[in-house]
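Please walk me through this protein chain, from its overall fold down to individual residues.

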Amino acid sequence: MVYLEICTCSGDIMSFMNVVDPDLAEVMFRVIDLRFQNTLMPAQGEAALALLDEARARWAGRYILVVEGTVPTRFAGRASVVADRKGVPITGLEAVRLLAERARAVVANGVCASFGG
């Protein structure tokens, strides 16, 4: 699973983190195979981007992309920059498009992702 937070208050992932039975560790390590999640992962910068690249290449057609928050499309998506690759910004819109094209399924998580909150 690849979980992207784009223009969000992070309320949905925070609710998920409060899971009790099974607890968060069990869900993350025994129930789902979470490859990327902005808030929960320790990787940053190039190491984080490498995880997205790996998911897109190695797990093509097998991963689920979960998107939390709105994905700005105005200004060519530049209202939301989620990463920088060697001086070139990667917008939330670009990240969602790149990952969605190879995902098994795409899930809009929460009110903002579903209705533009």
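Two residues are in contact when they have heavy atoms within 4.5 Å. On that basis, residues 24 or more positions apart account for 70% of the contacts in the chain with a separation of 6 or more. The model is predicted: local features need pLDDT of at least 70, side-chain atom pairs count only at pLDDT 80 or more, and totals for chains, interfaces and linings use all residues. Residues are numbered from 1 along each chain as its sequence is written, and side-chain values use heavy atoms, with hydrogens and water left out.

The secondary structure consists of 5 helices and 6 strands. Here helices (H or I, at least four residues) and strands (E, at least two) are DSSP runs, numbered from the N terminus. Their order along the sequence is β-α-α-β-α-β-β-β-α-β-α. The radius of gyration of the chain is 14 Å, close to the 13 Å that the globule rule gives for 117 residues, so the chain is as compact as a globular protein of that length. This radius is taken over C-alpha atoms, and the globule rule is 2.2 Å times the number of residues to the power 0.38. The C-alpha trace spans about 45 × 35 × 25 Å along its principal axes.

A residue is buried under 20% relative accessible area, exposed over 50%, and partly exposed in between (1.4 Å probe, protein chains only). Of the 117 residues, 30% count as buried. There are 12 positive and 13 negative side chains, and the centres of the two sets lie 9 Å apart. Lys and Arg count as positive and Asp and Glu as negative, without His and the chain ends; each charge is placed at NZ of Lys, CZ of Arg, CG of Asp or CD of Glu.

Alanine 95 belongs to helix H4 (residues 92-100). Beyond its neighbours within four places in sequence, alanine 95 is in contact with Leu4, Val82 and Ile90.

Next come the cysteines. A disulfide is a covalent bond between the sulfur atoms of two cysteines; here the criterion is a pair of cysteine sulfur atoms within 2.5 Å. A search of the whole structure finds 0 disulfides. For cysteine 7, the closest cysteine sulfur is in cysteine 112, 9.5 Å away, which is too far for a bond. Cysteine 112 is in no disulfide either, and the nearest cysteine sulfur to it, that of cysteine 9, is 6.2 Å away. Cysteine 7 is partly exposed, with a relative accessible area of 40%, and cysteine 112 is partly exposed at 30%.

The backbone has some local features in its loops. Cysteine 7 lies between strand S1 (2-5) and H1, and has a positive phi of about 45° although it is not a glycine. Lysine 86, also not a glycine, has a positive phi near 50°. Lysine 86 sits in the loop between strand S4 (81-85) and strand S5 (88-91), and is exposed, with a relative accessible area of 77%. A cis peptide bond joins aspartate 21 and proline 22, with omega about 5°. Proline 22 is in the loop between helix H1 (11-17) and helix H2 (24-31).
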